[in-house]
Structures are given as C-alpha cells and as structure tokens.
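The sequence and the coordinates are displayed first, and the description follows.

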Amino acid sequence: MSRLTVGILGLQGDIEEHLSATDLALSRLGAEGEPLLVKGIDDAKRVNALIIPGGESTVMGSLSSIKGILPTLRERITNGLPTLGTCAGMITLAKRAYDRVVGETSQTLIGTMDITVERNSFGRQGESFEADLGLDVPGASKFHGVFIRAPSVKTIGQGVKELARLGDAVVAVQQGNMIGTAFHPELSGSTILHEYLIRLAKTDAVQA
Amino acid sequence: MISLAGEPEVIAVQKERERLRITGSTLVKRGFAHMLKHGVVMDITNVEQAQIAEDAGAVAVMVLDKLPYDIRQQGGVARTASLKVIEEILNHVTIPVMAKCRIGHTYEAKVLQEAGVDMVDESEVLTPADEERFIWKWDFTTPFVNGCKDLGEALRRITEGASMIRTKGEPGTGNVAEAVKHVRVLNNEVRRLRGIHESGDKQELLRISREFKVSLELAEETARLGRLPVVNFAAGGIATPADAALMMTLGCDGVFVGSGIFKAEDSKERARSVVVAVTYYDDPKVVAEAQKMVDERKSMMGTGTKELPLRMQERGVNV
C-alpha cells in the first residue's frame, strides 16, 4: 500500500499538536505515512486525509481566502476525503454556525457537513472544562474530552450520526467521511480519533 | 498532548476529586493559549477597534484603557480598563477577550475574572501595584499571560501559574529591537539547557535551576521539551507585517500587537496585513503582499529604546 499523507490545515490554531498526534497515531497503527502542513492549494490536492485543527473559526475562514484554498478543500471533502474537524474545525465543516451570545455572524465556512453548530455553546473560557464521555468509535469506549470555549451541535441532518453526547449536548458527529468533535483529542493524549481518521483513509487507499 | 510542568500537587489532587466536569484545570487553561497559536492578539480600547480587529482576523483582543503609546505620552497611573467597556466588548465580538491588570494586583484580576474575560495579562504596561510580588495565578479559573525578558523570568511566572508567556519588548515605541533581543535570549537559554540535559549533567542543571530560582523539575521539563512548557508569543514594538513575520521566524507561537495598529494611520489595512504575515511568515511572497497593504509613511513614528524615561520592561520585581 502507498504511503498516506495526512494533511493538517496550517492557517491558525493548535497545528503542531495535531502534527504530533498524527505522527503518534501513524506509528501506533504501524501505518506508513506522514503528516503534512496544508497552507496552499497544491498541498490540499496531495493529501489522503485532512485535519482542521482547533483555534478560532472566524480567523481560519478569513485566512482561507489568501491563497484561495477553500474551493479545493470543499471539492475534495465532497468527493470523500476523510476529514477530522476539532472544535473550530468542526465549526468550519458545518453548514451553519451562530454564536450563543452574538448570534448570526457572516463567517466563512466549508459547509459540507449537514449540521448546525452553536459557537461558545458552554460559555466563555471560565466555563471551559475537561470531562470523560462515551465515544461511539471502533476501539473507544471512554474518551477524555477537553472543551475550550467549545461549540455544540444543535441540529443534525439525515446521514449524520452522533458519536458522543455530554448531557443533552451533542459533542461529536460523523457524516460519512467527515468527523467533527467539539473537544480537542489533540490535547488529551489519546490518538483514537486520529487513528480512526487514518483507518478511513487506508480503506480509501485500498479501494482505489 | 501538552505539558503540565510546574503544576502544584494540590491541584492534581483536586482534579481527582472532581471527576465529572473540571473547570479551570491546568490543561484547560494552557489549552486555551494553544488555540491562539499562529494568531495575532490586538490591543484595543473600544468596541469599534474590537470590531476592526475581529474583521481583520485577530485571534483575540486585549482591552486597555489607553494604548501603551498614550500611556507613555500621558504618564500618570495606568490601571485596568473600565469594566463597562470590557463588558460591551465581551457582548460584541465572538473571539476571545483579554484584559490587562496591574502586576501584583490580585483584586483587579479577580474583578476581570468576574467580568468573564477569557485571559488576564498581568502586565508591566500598567503601573505595578505590588513592588515585591506577582499574583499567585493558580487560584484563578481564568488563565494568565505574563511577560519575560529571559528564561528564568518565564519559568518563575510559570511557577506562579502563568498559562502563557509573552517575551517582552518595549511597549508603545514601534521599535521591535527589544522584542527581538528577548526572544533571542530565551532561545539561547533553552538551547543551552537542552544541551546540558542531553549531556546528562544533572548537577549543572540543578545549578542553573538555582540560578533561575525555579525547581529542578521545571528546568528539566523545559530542557526535555526544548522549548517553554507553555505557549509563547512575541510582544512589544511590533509595527509592520515584516516585524510580525520576523518574530515568527524566531520561533514565537504568535504575536501581540499593541500601539502598532491603532496608532498607525492605516489601522484596518495594517491589522489585516499583520494577520496575513503571521500565518504565511514562511512564504516571503505573501509577506511582501502583506507589506504592500501598508504605507510606511502611515506607520506610528516610533522611538529609540535606550534613552526612554520609562522602561516598562523593567517594571515588576525581579523575583
């Protein structure tokens, strides 16, 4: 099997944390491959999987226009590129996002995932928290979630599966090739979600 | 996975007790700073500037009563900004809102925490309130950022509970020289520590940790990581996109821009251009495009840093 290139959108946020989590996940799976910083269109065309990191979703959206990377990402994700969006990354994948306090904002989104996301859903930084939750992903049962000014999923369309809940809040979802989490797997030390993404990419590679 | 070096044992025990939802943990506080990486935090004094900053792609705003340049010009005691202004900004932008408090002023910090700011900057830009001590920051749910001129100062602030560090420049001068100097000093000291760690010379590491007035454990963790155990931004005197890109090439995780944006005559373009330069600092073509967005004749005038009547970077007790 050919080597896997796992892209990490390198505009803003905790990019290096995802690079090292991806490295670790690849070696834990014994998979051949490496992470790649995605900052331009050529990078976006090469990758076999994509991670959109945590950070500020408004910032990532506005920076995506500099090199016009967004249409390429949108097309590749629509055509099945396995993609993991964490926190701001999940917001970026969503069809619609609004802020809990400020309401509608005109931020740029990739918009491929049929979900509505509420930003800063649990409150500001003072309300940020860690919590254990059940995660419906192969090989995982309990997952330690780190929620930082985290969003939550308010509505989900057909074909979107809930992967985790915290009380009433939906905090992880999957729609085919796209996985979104409100929390930060790259901060908690578990690489289960990164491994899951890589397995999706490997299945693609085998089929291709 | 992020480092929890320097966390007091009592906080680790508290975590065990509150198994369900833990707020204000070291991971959550330091994690917040990680979300700001590769971003620009902009100093602002009102809602209009906050909106300009958000539109330009700022990763957070820092609320002050006066910009550092004006503090320098006007003199007097510089205190934390009006809570009314801070609240107005909190309700207006969706990005994180930080505010500065005076060094050692535990109660100004408590008030800011109550107001709901996302991070407190215990800052030498304001007039220090305690000549002998900094705030004990582990007691707060809100994360803190502190300034440093060298590695020892950074590690002492981390020992007190800072979740993020900014290498100091000389604020309000438009002169990046001091920021560059302090990042270099920090980098060189980390490199030296790492070398000693790799050579296995524990006794030398212990000697340096004593020199720094920090624990051996924290010095060792820094040496092992080969960087500060928390996120580190550059600050002080950054005025142009090229300044910001320079700080990123020196290994900073992001930048704070103070007077450089709203003391320039082309604030909107400048704000955007600095954001672009920080993201694409590794691509000179893009930074050149960013630099084209601003006009040097509209940059803040700037001053030398050697003969200033007030050297803000020296404020706060050297402990």
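## A buried alanine in chain A

Ala97(A) belongs to strand β5 of chain A, which covers residues 94–99. The model is a predicted one, and the values in this report are computed from it. Within 10 Å, Ala97(A) has 26 C-beta neighbours, and it therefore counts as buried.

Which residues are in contact with Ala97(A), once its neighbours within four places in sequence are left aside? They are Ile91(A), Gln107(A), Leu109(A), Val117(A) and Arg119(A). For Arg119(A), the separation along the chain is 22 residues, while its C-alpha atom and that of Ala97(A) are 6.8 Å apart.

## Two loop residues with positive phi

Asn120(A) is located in the loop that connects β7 (113–119) with β8 of chain A. Its phi is near 50°, which is a positive value in a residue other than glycine. Is Asn120(A) buried or exposed? Asn120(A) has 21 other C-beta atoms within 10 Å and is therefore buried.

Arg149(A) occupies the loop between β9 and β10 (152–156) of chain A. Here too the residue is not glycine and phi is positive, with a value near 45°. Arg149(A) is buried, because 25 other C-beta atoms lie within 10 Å.

In chain A, strand β11 (residues 161–166) and strand β12 (residues 169–175) are paired in the antiparallel sense, and 5 bridges link them. Arg165(A) has Val170(A) in β12(A) as its bridge partner.

## A sheet built from both chains

Strands of a sheet pair through backbone hydrogen bonds, in either a parallel or an antiparallel manner. One open sheet in this model contains 3 strands in the order β9(A)-β8(A)-β1(B), and the pairing is antiparallel. Its edge strands are β9 (142–147) of chain A and β1 of chain B, each of which pairs on one side only.

Between β8(A) and β9(A), which run antiparallel, there are 6 bridges. Asp132(A) stands opposite His144(A) of β9(A). Strand β8 of chain A, residues 129–134, is also joined to β1(B) by 2 bridges, again in the antiparallel sense. In that pairing, Glu130(A) is placed opposite Ile22(B) of β1(B).

## The contact between the chains

How many residues does each chain give to the contact? Chain B gives 34 residues and chain A gives 35 residues. On the side of chain B that touches chain A, the elements giving two or more residues are β1 (22–23), α2 (26–35) and α13 (267–279) of chain B. The largest share of this side, 6 residues, is supplied by α2(B).

By class, the residues on the side of chain B that touches chain A comprise 16 nonpolar, 14 polar and 4 charged.

## Helix pairs in chain B

Helix α13(B), one of the elements on the side that touches chain A, also packs against a helix of its own chain. The axes of α13(B) and helix α14 (residues 284–292) of chain B come within 9 Å and cross at roughly 170°. The two helices are therefore roughly antiparallel to each other. Ser273(B), Val276(B) and Ala277(B) of α13(B) make the contact with Val286(B), Val287(B), Ala290(B) and Gln291(B) of α14(B). These residues divide into 5 nonpolar, 2 polar and no charged.

A second pair consists of helix α7 (residues 151–159) and helix α10 (residues 216–225), both of chain B, with axes that come within 11 Å and cross at roughly 120°. At that angle α7(B) is therefore oblique to α10(B), and the crossing of α7(B) and α10(B) is right-handed. Leu155(B), Ile158(B) and Thr159(B) in α7(B) meet Leu218(B), Ala219(B) and Thr222(B) in α10(B). This contact has 4 nonpolar, 2 polar and no charged residues.

Methods: Residues numbered from 1 in each chain as written. Chains lettered and ligands numbered in written order. Predicted model: local features only at pLDDT ≥ 70, side-chain atom pairs only at ≥ 80, totals over all residues. Contact = placed C-beta atoms within 7 Å. Helix = DSSP H or I, 4+ residues; strand = E, 2+ residues; numbered from the N terminus. Nonpolar A, V, L, I, M, F, W, Y, C, P; charged D, E, K, R; others polar. Pairing = 2+ DSSP bridges. Axes fitted to C-alpha atoms, helices over the stretch in contact; angles between N-to-C directions. Parallel < 35°, antiparallel > 145°, perpendicular 65-115°, else oblique. Left-handed = near helix turned anticlockwise from the far one by under 90°. Buried ≥ 20, exposed ≤ 12 C-beta atoms within 10 Å, placed from the backbone.
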